[in-house]
Amino acid sequence: MEGEPYDVVPCSSVAVDSILRIGTAGAIWGLCSAPHEARKQGLGGVAQAAFVARSASSCGFQYGLVAGICTATHCGLQRYRGKSDWVNGLIAGAVAGGAIAAMTRSWTQVVPMACLVSAFKVATDYARTT
């Protein structure tokens with residue numbers, strides 16, 4: 001994958017960029033989905049606004065954290081191994097999937113989530129190269 005940001009930009013910069021982009025998308029998702037959830041719970045007024053704010057910040061933080069872990073791992077592996085292949089995406093996806101499952105504290109889901117996110121990461125990397 002010639003010309004990727006991993007080749008010329010420090011991994012920390014790539015990770016921060018990923019955190020900001022995906023974290024913003026997560027915050028927007030929280031702003032869009034939280035009002036519906038708040039109405040389902042019967043919240044209104046200030047309680048609804050507080051619920052929406054908490055949801056937006058929580059989604060933004062979690063999405064950004066996972067994106068940062070995945071991007072930093074992928075970039076670090078690419079630099080360490082000196083190769084740009086599917087193995088970097090596989091390992092980065094597994095680490096990010098493990099982080100997602102660890103945040104839910106459902107330890108029985110760590111391996112399945114790591115495998116799922118790893119498969120999606122490899123598929124997206126493959127789709128970008130073709």
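Val95 is partly exposed, at a relative accessible area of 38%. That value comes from a predicted model, as do the others in this talk. Val95 sits in helix α4, which covers residues 86-104. On the surface, Val95 belongs to a nonpolar patch together with Trp86, Leu90 and Ile91. The accessible area of the four together is about 360 Å².

Stay with α4 for a moment, and look at how it meets α5. Their axes come within 7 Å and cross at roughly 140 degrees. That angle makes α4 oblique to α5. The crossing is right-handed.

Helix α5 runs over residues 110-129, and Val117 is in it. Is Val117 buried or exposed? Its relative accessibility is 18%, and buried means under 20%, so Val117 counts as buried. From Val117 to Ala102 there are 15 residues in sequence, and 13 Å in space between the C-alpha atoms.

Now the other pair of helices. Two packed helices are described by the angle between their axes and the distance between the axes. For α2, residues 11-40, and α3, residues 46-81, the angle is about 150 degrees and the axes are 6 Å apart. Angles over 145 degrees count as roughly antiparallel, so α2 and α3 fall into that class. Their crossing is right-handed.

Leu31 is in helix α2, and at 47% relative accessibility it counts as partly exposed. Between Leu31 and Ala53 there are 22 residues in sequence, yet the C-alpha atoms are 7.4 Å apart.

Next, charges. Side chains of opposite charge can pair when their charged atoms come close. How many salt bridges does the structure hold? There are 5.

One of them joins Arg21 to Asp17, with the closest N and O atoms 2.9 Å apart. Arg21 and Asp17 are 4 residues apart in helix α2, which means a separation of about one helical turn. Arg21 is exposed, at 59%, while Asp17 is partly exposed, at 37%.

Lys40 and Glu37 form another salt bridge, and here the closest N and O atoms are 3.7 Å apart. This pair is also in α2, 3 residues apart, so about one helical turn separates Lys40 from Glu37. Lys40 is exposed at 59% relative accessibility, and Glu37 is partly exposed at 30%.

A further salt bridge links Asp85 and Arg81, at 2.7 Å between the closest N and O atoms. Asp85 is partly exposed at 23%, and Arg81 is partly exposed at 28%.

Terms used. Residues are numbered from 1 along each chain as its sequence is written. This is a predicted model: local features need pLDDT of at least 70, side-chain atom pairs count only at pLDDT 80 or more; totals for chains, interfaces and linings use all residues. Side-chain values use heavy atoms; hydrogens and water are left out. Patches are made of residues with over 30% relative accessible area and no salt bridge: like charges are joined within 9 Å, nonpolar side chains (Val, Leu, Ile, Met, Phe, Trp, Tyr) within 5 Å. Accessible areas come from the Shrake-Rupley method with a 1.4 Å probe; for residues, only the protein chains shown count as cover. A salt bridge is a side-chain nitrogen of Lys or Arg within 4 Å of a carboxyl oxygen of Asp or Glu. Helices (H or I, at least four residues) and strands (E, at least two) are DSSP runs, numbered from the N terminus. Buried means under 20% relative accessible area, exposed over 50%, partly exposed in between (1.4 Å probe, protein chains only). Axes are lines fitted to C-alpha atoms, for helices over the stretch in contact, and angles run from 0 to 180 degrees between N-to-C directions. Angles under 35 degrees count as roughly parallel, over 145 as roughly antiparallel, 65 to 115 as roughly perpendicular and the rest as oblique. A crossing is left-handed if the near helix is turned anticlockwise from the far one by less than a right angle, and right-handed if clockwise.
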